[in-house]
Amino acid sequence: MTRVRMLSMGGLLRGLIAAGHAGHGAHGGDIVCAGASAIVQSAALGMRRQGLPVRIKKSDVAGYLSLRLRPNATAAERASAHAALQSALSGLRALQQQYPAHVQVRARMNRHLPAKGETLP
């Protein structure tokens, strides 16, 4: 299963952690995993191309990507990141609705980001 946790602080989305392979099809041919990957990687690419201060960690083998807006981001950068991540969240929720046994999305508007190195439950 692919699990995605959206990270927020101060009422704005600030990042995400995606982990796992969807398990809908064979490795390399799993359309659900490919869909989730495309959405998550598009958010990362869009934020980076906008020049937003992001930290990205990924492992294709483990099916892991962590995308976090750096704490020194300006208010305008935080707003841009929120918009990009809100779009990704919409796509991921649609994917979860179609494939609930393969995609799990969690999004809570928390006040704090998870600690460095924290993984999905």
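**Exercise 1. Find where Gly-63 sits, and decide whether this residue is buried or exposed.**

Start with the chain position: Gly-63 belongs to the loop that joins β3 (54-59) to β4. Strands here are DSSP runs of E with at least two residues, helices are runs of H or I with at least four, and both are numbered from the N terminus. A word on the model before going on: it is predicted, so local features need pLDDT of at least 70 and side-chain atom pairs pLDDT 80 or more, while totals for chains, interfaces and linings use all residues. Residues are numbered from 1 along each chain as its sequence is written, and side-chain values use heavy atoms, without hydrogens and water.

Next, check accessibility. Buried means under 20% relative accessible area, exposed over 50%, and partly exposed in between (1.4 Å probe, protein chains only). Gly-63 has 18% relative accessibility, so this residue counts as buried.

Finally, look at its neighbours. Leaving out residues up to four places away in sequence, Gly-63 touches Ala-18, Ala-19, Gly-20 and His-21, where contact means heavy atoms within 4.5 Å.

**Exercise 2. Work out whether the length of helix α2 agrees with its number of residues.**

The expected span is 1.5 Å times one less than the number of residues. Helix α2 (residues 75-98) has 24 residues, so it should span 34 Å; its end C-alpha atoms are 35 Å apart, which agrees.

**Exercise 3. Describe how α1 and α2 pack.**

Two numbers are needed: the angle between the axes and the distance between them. Axes are lines fitted to C-alpha atoms, for helices over the stretch in contact, and angles run from 0 to 180 degrees between N-to-C directions. For α1 and α2 the angle is about 175 degrees and the axes are 9 Å apart. That makes α1 roughly antiparallel to α2, a label for angles over 145 degrees.

Now list the residues: α1 contributes Val-32, Gly-35, Ala-36, Ile-39, Val-40, Ala-43 and Met-47, and α2 contributes Ala-81, Ala-84, Leu-85, Ala-88, Gly-91, Leu-92 and Leu-95. Sorted by class, this contact has 12 nonpolar, two polar and no charged residues. Ala, Val, Leu, Ile, Met, Phe, Trp, Tyr, Cys and Pro count as nonpolar, Asp, Glu, Lys and Arg as charged, and the others, Gly among them, as polar.

**Exercise 4. Which elements do the buried residues of α2 pack against?**

Begin with the buried residues of α2: Ala-81, His-82, Ala-84, Leu-85, Ala-88, Leu-89, Leu-92 and Leu-95. They pack against β1 (2-9), β2 (12-19), α1 (31-49), β4 (64-69) and β5 (103-107).

Conventions
Angles under 35 degrees count as roughly parallel, over 145 as roughly antiparallel, 65 to 115 as roughly perpendicular and the rest as oblique.
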